[in-house]
Each structure stands twice: as structure tokens, then as C-alpha cells.
Amino acid sequence: MEEPGTVYFTGTAGAGKSTLVRAFADWMKSAGYDVTVVNLDPGSETAPDSVDVDIREWVRLTDLMDEYGLGPNGAQVAAADMIALKIFEVKQAVQELKGDYVLIDTPGQIELFAFREASKAIVDALSGDRSVLAFLFDPALARTPSGFVSLLMLSATLEFRFRLPIVNVLAKSDVLTPEQLAEVSGWSDEPGRLYDAVTRDVPTPDVQLSTELFRAIETMGPLGALLPTSAKEGTGLEPFYQSCQRVFGGGEDLEPSHTPGAE
Ligand SMILES: Nc1nc2c(ncn2[C@@H]2O[C@H](COP(=O)(O)OP(=O)(O)OP(=O)(O)O)[C@@H](O)[C@H]2O)c(=O)[nH]1
Ligand SMILES: [Mg+2]
């Protein structure tokens, strides 16, 4: 049997990870694919029944806060290390479900996920040859040139830390006007436009920094198109699926494992 495709949903706090995981899982199920949804956020407040494998069965943020008298951030740090200790149990639970696709929601605190060694161990344990990191751009940040550059840097950091291919996604695209969406898409399609936008701002040290960062990004290679999605409106989900498939298998499509609507 072919190894499942594993997609990690990452992004800054509130970028829309959990909502996109749910919308994408629903879309995949209605298209006939077998999907396993995994929650790796011990502080998640999503209803457990929308998740197939839930880290909260092993590690819960509120329990850690009560038990050790920790605040939410301290508890997240402790939780990251505890999750790493439980990760083979999580992996076994995922494997038992035998999904074609495994969608993994990650903790809201991106710096914890990006910078703790425990997260590296977690991702290494759960990833096979067909794994991809989806990095969600929050439109509140992505719509300014310096915010956009900062998100590109964060996305590149994740790629560098985890050594996994990355698909950059513009989340909540419905909150942008068509003009804003065209502008932001233009920045990812043509780096020259981003450069112009960054340097058009007043030349404060901040802009100078963004310009330097931009140069670094440019030398890293093609940015890859930023894929607009809206979990609220259900748009961009099929192109997102196709991007993941391109990463996994050089573009071939999975055969749905059962006929849609047959359940
Ligand atoms: N308009 C709009 N709002 C959205 C969309 N997706 C998510 N939201 C809203 O954005 C907020 C954050 O969404 P979440 O899915 O919880 O984001 P998250 O990245 O999982 O958040 P944390 O796990 O807390 O970091 C919620 O209020 C959602 O209702 C979308 O596609 N469109
Ligand atoms: Mg979440």
C-alpha cells in the first residue's frame, strides 16, 4: 500500500489552521478520500469529535497548568516535550486508521512549533516520504509588504528547520477585497512587484531591513505561488489538494478509495 500523504498545517496564532483543516477534511471526504485528522495542539478548544487522533487524550494544556501551576506559555513548553514522549503512540493510532491522507493541526504558538527540538522529533516521527508543510499566511499580516516579507521568512525558517517541502497558503482570502487579493497575489507571482512595494514605503530602517530580508529570500529560489484559500467560503481547496499532490508524487492524482456519497 502506498504511504499516506501527510500535511502539517502551520502558521501564526489565529491564522486559520484549525478551521482550514476542518474545511479541507470535509472537502476531501466529500471527494471520496479517506482522511485522518490529527490534532497536535494540546490547548485546542475544538470539539474532540471533529478529530480522529487527538493529542489531548495524552497531553492537555489545562491539566498541565493545574498540576504544575504553569501559565499557558510555560504549559505549552512542557507540553511540547511531553508530546514528543508520546509520539509513537500517536503514530500508531494514526497508522491504525490507514487513511490516504493525514491532516495535522499544529499548536497555535508558532515559535514553539518552529523552534523547540521536541517539535523536530515529533515531525520526524510522523513524516514519511510523502509529507508537506502547509504554511498559512494570515491576511492581516500578508496584506502589507513588510508583513508579507516577514511571513516569507517564517515560512523559509520552517522549511529549513523541518527539511520538508512547503506550500504557502493565503488563509481567509475572503477578508481581502479583490484589489488587495490581486496585489498580494502579484507579490508572490512576481518578486519584482514585492520589491517595489517594499521599497515604495518611506525609507525608514524598518524598510531597509525588509529590503535586505527580501534580497535573502530572492536568493533562496522561487517563492512558489501563494495559494488563496477560504475555509469560510470553501474556496481554493482543490488547488491546495493539487499542490500537495504535486509535492508528493510529481503530479499524479490519488484514486478516491470509495465512491463519493456511497456512505
Ligand atoms: N473570514 C474568515 N475567517 C476565518 C477563516 N478561517 C478561520 N477564520 C476565523 O479566524 C479565527 C481563527 O481561526 P482558527 O482556525 O482557530 O485559527 P488557528 O490558526 O487554528 O488558531 P490557533 O490554533 O489559536 O493559533 C476564528 O475566529 C475563525 O472563525 C476564513 O476562511 N475566513
Ligand atoms: Mg488552532
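Among contacts in the chain between residues at least 6 apart in sequence, what percentage join residues at least 24 apart? The figure is 74%, where two residues are in contact if their C-beta atoms, placed from the backbone, lie within 7 Å. The model is predicted: local features need pLDDT of at least 70 and side-chain atom pairs count only at pLDDT 80 or more, whereas totals for chains, interfaces and linings use all residues. Residues are numbered from 1 along each chain as its sequence is written, while chains are lettered from A and ligands numbered from 1 in the order in which they are written.

The chain contains 11 helices and 7 strands; these are DSSP runs numbered from the N terminus, helices being H or I of at least four residues and strands E of at least two. Of its 263 residues, 41% count as buried, a residue being buried if 20 or more other C-beta atoms, placed from the backbone, lie within 10 Å of its own.

The strands form an open sheet of 7 strands in the order 3-2-4-1-5-6-7, with parallel pairing; two strands pair if DSSP finds at least two bridges between them. Strand 3 (53–54) and strand 7 (227–228) are the edge strands, each pairing on one side only. Strand 1 (residues 5–11) is joined to strand 4 (residues 101–105) by 5 bridges in the parallel sense, and threonine 6 has valine 102 of strand 4 as its bridge partner.

Helix 7 (residues 145–162) packs on this sheet, where it touches strand 1, strand 5 (131–137) and strand 6 (166–170). The direction of helix 7 makes about 160° with that of strand 5; axes are lines fitted to C-alpha atoms, for helices over the stretch in contact, and angles run from 0 to 180 degrees between N-to-C directions. Leucine 158 belongs to helix 7 and is buried, with 23 other C-beta atoms within 10 Å. Leaving aside residues up to four places away in sequence, leucine 158 touches Thr10, Ala114, Leu133, Phe135 and Ile166. Helix 11 (residues 237–249) also lies across strands, namely strand 1, strand 5, strand 6 and strand 7, and runs at about 170° to strand 6.

Helix 3 (residues 72–97) takes part in two helix pairs described here. Its axis and that of helix 5 (residues 117–126) come within 8 Å and cross at roughly 10°. Helix 3 and helix 5 are therefore roughly parallel to each other, the term for angles under 35 degrees. Residues making this contact include Ile83, Ile87 and Phe88 of helix 3 and Ile122 and Leu126 of helix 5. By class, the contact has 10 nonpolar, 1 polar and 2 charged residues; Ala, Val, Leu, Ile, Met, Phe, Trp, Tyr, Cys and Pro count as nonpolar, Asp, Glu, Lys and Arg as charged, and the others, Gly among them, as polar.

The axes of helix 2 (residues 61–68) and helix 3 come within 9 Å and cross at roughly 110°.

Ligand 1 has 16 residues around it, of which Lys17, Ser18, Thr19, Gly108 and Lys232 come nearest; a residue is near a molecule if its C-beta atom, placed from the backbone, lies within 6 Å of it. Helix 1 (residues 17–30) provides the largest share of this shell, 3 residues. The shell has 4 nonpolar, 7 polar and 5 charged residues.

Methods:
A residue is buried if 20 or more other C-beta atoms lie within 10 Å of its own, exposed if 12 or fewer, and partly exposed in between; C-beta atoms are placed from the backbone. Angles under 35 degrees count as roughly parallel, over 145 as roughly antiparallel, 65 to 115 as roughly perpendicular and the rest as oblique.
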